[in-house]
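Please look over the sequence and the structure shown here before reading the notes that follow.

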Amino acid sequence: MKGLSFEPPEPFATQIGQSVILNGKLRSNLPLSLRCTLRGSIEGTFVRIERSAHIEANSCTVQNAVIAGCFTGRLKAVDSLVFLPSSHISADIYTARLQIIEGATFEGGIEMPGFSATDDVTGTSH
């Protein structure tokens with residue numbers, strides 16, 4: 001399996017520092033690096049939630065996401081999602097590819113296209 005990328009395909013267009021508190025909708029068609037506190041929603045291409053970030057998103061819809069900080073809410077990462085060791089996630093997520101690196105904490109539900117909870121994951125036939 002191909003490894004998931006921790007970096008965007010182009011440089012971060014916007015970096016929002018940890019002294020910033022945002023309430024509302026954040027939307028970008030270029031890569032974002034978030035170190036801030038945000039309550040609301042996010043729409044974008046590539047979003048990296050840094051270690052110092054605290055995100056409470058009623059809706060987060062992105063192509064790809066890397067999470068090193070705290071995220072609570074609903075997250076749809078259409079292509080890929082990576083949880084780094086320092087991350088704390090309490091969310092319902094939808095993604096095509098997921099990598100949870102040892103040390104990350106996750107609580108919530110996972111939905112992945114093409115995979116059903118009733119699939120036989122042992123590889124044995126009935």
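**A strand and its partners**

Within strand β9, I89 has F106 as its bridge partner, where strands (E, at least two residues) are DSSP runs numbered from the N terminus. This is a predicted model, in which local features need pLDDT of at least 70 and side-chain atom pairs count only at pLDDT 80 or more, while totals for chains, interfaces and linings use all residues. Residues are numbered from 1 along each chain as its sequence is written, and side-chain values use heavy atoms, with hydrogens and water left out.

**Pairing of β7**

- Strand β7 runs parallel to β9 (residues 105-107), and three bridges join them; two strands count as paired if DSSP finds at least two bridges between them.
- β7 also pairs with β6 in the parallel sense, over eight bridges, and there the bridge partner of L75 is I93 in β7.
- With β10 the pairing of β7 is again parallel, over two bridges, and Y94 has E111 in β10 as its bridge partner.

**The two faces of β7**

- In a regular strand the side chains alternate between the two faces of the sheet.
- In β7 the covered face holds I89, A91, I93 and T95, whereas H88, S90, D92 and Y94 make up the uncovered face.

**The largest pocket**

- The largest pocket holds about 170 Å³ of space, a volume being the space filled by probe spheres set on grid points that are joined across faces, edges and corners.
- A pocket is an open set of points on a 1 Å grid over the protein atoms alone, where a 1.4 Å probe fits, with protein on both sides within 12 Å along at least five of seven lines; lining residues have an atom within 4 Å of a point.
- The lining includes D92, I93 and Y94, and β5 (54-67), β6 (70-83), β7 (88-95) and β10 (110-111) each supply at least two of its residues.

- S80 lies in strand β6 and counts as buried at 5% relative accessibility, and its side chain is joined to that of N64 by a polar contact of 2.7 Å.

Key:
Helices (H or I, at least four residues) and strands (E, at least two) are DSSP runs, numbered from the N terminus. Buried means under 20% relative accessible area, exposed over 50%, partly exposed in between (1.4 Å probe, protein chains only). A polar contact is a pair of N or O atoms within 3.5 Å; within protein, one must be able to donate a hydrogen and the other to accept it, and residues adjacent in sequence count only if both atoms are side-chain atoms.
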